[in-house]
Amino acid sequence: MSYSDSKSDQPSAATRLYNPYQDLHLPSQTLYHLPTSPEFLFTEESLRQRRSWGENLTFYTGSAYLTASLAGGGSGFFSALRSFEPTDTLKLKVNRILNSSGHSGRIWGNRVGIGGFIYAMMESGIVAVTDRDDVWSSVAAGLGTGAVCRAARGVRSAAVAGALGGLAAGAVVAGKQALKRYAMI
């Protein structure tokens, strides 16, 4: 700790404090009014209010994997509870729960995460080709995702899965629109 004289801490009449904003001639309160909307460098960026394909890919794949791995972990947890034996110790029960929920979570997460990956690529491709980001782009992406995921099982299975994927994507988009309108999110 350094020695300070009480007289040297007080500014003298010959000195003044430095104000970096003195030459701007602006009231100090207007300096901190920041915009709430994003600022774009190019006008083309401001015209498109949607995610890029990379953000799309990350969002859909990650959210699908996370949701499915949590659901699979819950399923594995209840499966482990049903498989307890009366002679199991607490350590063995905890180990069984962790192994079962981890295994089920990984399996479900990987399967559904791949579906999210394919959907993101389909939707980004459709939006890039048509240059429209609307409900029909999402429905077409869901239709294509269902068809691609079940294509190895035959044409009929791919057609049914494609129809279900299109309906699911349409329901999700309609639900999102309803939430925006009525829940005011």
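**Entry 1: the ring cluster.** I looked up the aromatic side chains in this predicted model and found that ring pairs link Phe 59, Tyr 60 and Tyr 119 into a cluster. I noted a count of three aromatic pairs. One of them joins Tyr 60 and Tyr 119, with 5.1 Å between the centres and 90° between the planes. I recorded this pair as edge-to-face, because planes over 60 degrees apart count as such. Tyr 60 belongs to helix 3 and Tyr 119 to helix 4, so the pair ties together parts that are 59 residues apart in sequence.

Entry 2: I found Phe 77 to be partly exposed, at a relative accessible area of 32%.

**Entry 3: the two helices.** I looked up how helix 3 (residues 53-82) packs with helix 4 (residues 90-130). The angle is about 155°, and the axes are 6 Å apart. Helix 3 is therefore roughly antiparallel to helix 4, as the angle is over 145 degrees. I noted that the crossing of helix 3 past helix 4 is right-handed. Which kinds of residues make up the contact of helix 3 with helix 4? I recorded 17 nonpolar, 17 polar and two charged residues.

**Entry 4: a charge over a ring.** Finally, I checked Lys 93, which lies over the face of Phe 84. The distance from the ring centre is 5.5 Å.

Key
Residues numbered from 1 in each chain as written. Predicted model: local features only at pLDDT ≥ 70, side-chain atom pairs only at ≥ 80, totals over all residues. Heavy atoms only, no water. Axes fitted to C-alpha atoms, helices over the stretch in contact; angles between N-to-C directions. Helix = DSSP H or I, 4+ residues; strand = E, 2+ residues; numbered from the N terminus. Parallel < 35°, antiparallel > 145°, perpendicular 65-115°, else oblique. Left-handed = near helix turned anticlockwise from the far one by under 90°. Nonpolar A, V, L, I, M, F, W, Y, C, P; charged D, E, K, R; others polar. Phe/Tyr/Trp six-rings, centres within 6.5 Å; stacked < 30°, edge-to-face > 60°. Buried < 20%, exposed > 50% of the residue type's maximum accessible area, 1.4 Å probe, protein only. Lys NZ or Arg CZ within 6 Å of the ring centre and 35° of its normal.
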